Amino acid sequence: MNRPERPLRLRSVLAALIVTQLAACGPLAPHIPDSPVRKPAAAEATPTATTAPPVTTAVRATEAQLGVQIYWHGVVGSKPVRANAIRLLDYVAGLGANSVGITFPIYTDGARPSRVYTRAGDTPTPNDLRIITELAKERGLRVLIRPLIDEVNLAPGGAWRGSIKPPSVDGWFTSYTQALMPFLIAAQSARADLFVIGSELDSLVVHQEQWRTTVTTMGKIFKGRLVYADNWGTWETGRPGVPGAEPGLDAYPQLGLPDSASLQQVTAAWSAWLRKRPAELDKTVFQEVGIAASPGAYEKPTTWPRNRQKLTPQIQIRWFAGACAAAKSLHMAGIYFWTLDAWADPADAAGYDVGSFIGRGDQAIRECFASGWPGQ
């Protein structure tokens, strides 16, 4: 698969991330998309007004969150932010979604970190998020704001976001809350609907008192719904989540399926896995359902294979369709598909890595949303 050249700095960062993902293929989810940073011409120009495809009345009316996660990183300047947001949000609305997740990177260092921070040029500014949220609301989309701890600074110590153990838990949570405060203010100002207060922080979920304080502090700023996303490996154990936050799930289970599995088999496997934890399923949202469109992906859904591997779109299509069908049958509260990169051009599927769903799994996404959501 031909791929455009990347800037050197970003190539080195992504190389480190790929190593991290492959080394920690147990609990880790493939969060950082290995998509080319091929900036479409529109990103360099002043964006023009567009008319987004309308969200259908039936989809808009349902309480279920039916959406796509956009991984927003490295977009600098108000013109590129607006141009990229318009291009991607029009695509999301055109898929029939009623919701969109804006996932973005924040940082902490090492296996025993002491602080949480943002990185200029990678992390969007609060004003960027305000612009994106307002453009999404104009298109009738609900907005979920989702900060995610990037693992580039954790890999050298063999850690991942779910294994960190701060020497001062209180100090880390204070830094974490301070780092997120400007984004909470922006989310409230732009009328975002949901804010994810944490994702896959397995080793920190046990600190219930610190989470209660965090939820209380954040709730004073953001008046929408606060959510926490469990990692799939700990979710299935039934361990309690974060008190005061709605339940979410990043789902990359190993379902024991061969590449040849039919849609019926994939759906049945998803349903059986979800029934391991029947309590609160009707309140739980899939915050991430993603998989590579390549052979062997069912065996290791957490791994985004390396470049130039064979594309097999049906593997991704069946995974998406099966997850959707299972979630509907069990009356879950919604689903977000992972992932749409901030620099992607939905008009051109060529060159994107096997984890992209543009021109592949988006067929199943569109059908999932079009068929409605029962019980909501």
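Burial is expressed here through relative accessible area, with buried meaning under 20%, exposed over 50% and partly exposed in between (1.4 Å probe, protein chains only). The structure is a predicted model, in which local features need pLDDT of at least 70 and side-chain atom pairs count only at pLDDT 80 or more, while totals for chains, interfaces and linings use all residues. Residues are numbered from 1 along each chain as its sequence is written, and side-chain values use heavy atoms, with hydrogens and water left out.

Rings of Phe, Tyr and Trp (its six-membered ring) are paired if their centres lie within 6.5 Å; planes under 30 degrees apart count as stacked, over 60 as edge-to-face and the rest as tilted. On this basis, a search of the whole structure returns 17 aromatic pairs. One of these is the stacked pair of Tyr107 and Tyr117, with 6.0 Å centre to centre and 25 degrees between the planes. Tyr107 counts as buried because its relative accessibility is 3%, and Tyr117 is buried at 16%.

Trp172 and Phe173 make an edge-to-face pair, 5.4 Å centre to centre with 80 degrees between the planes; both residues are buried. Elsewhere, ring pairs connect Trp235, Trp270, Trp273, Phe286, Tyr298 and Trp319 into a cluster.

Charges also meet the stacked tyrosines. A charge sits over a ring if NZ of Lys or CZ of Arg is within 6 Å of the ring centre and within 35 degrees of the ring normal. Arg115 places its charged end over the ring of Tyr117, 4.0 Å from the centre, and Arg119 lies over the face of Tyr107, at 4.2 Å from the ring centre.
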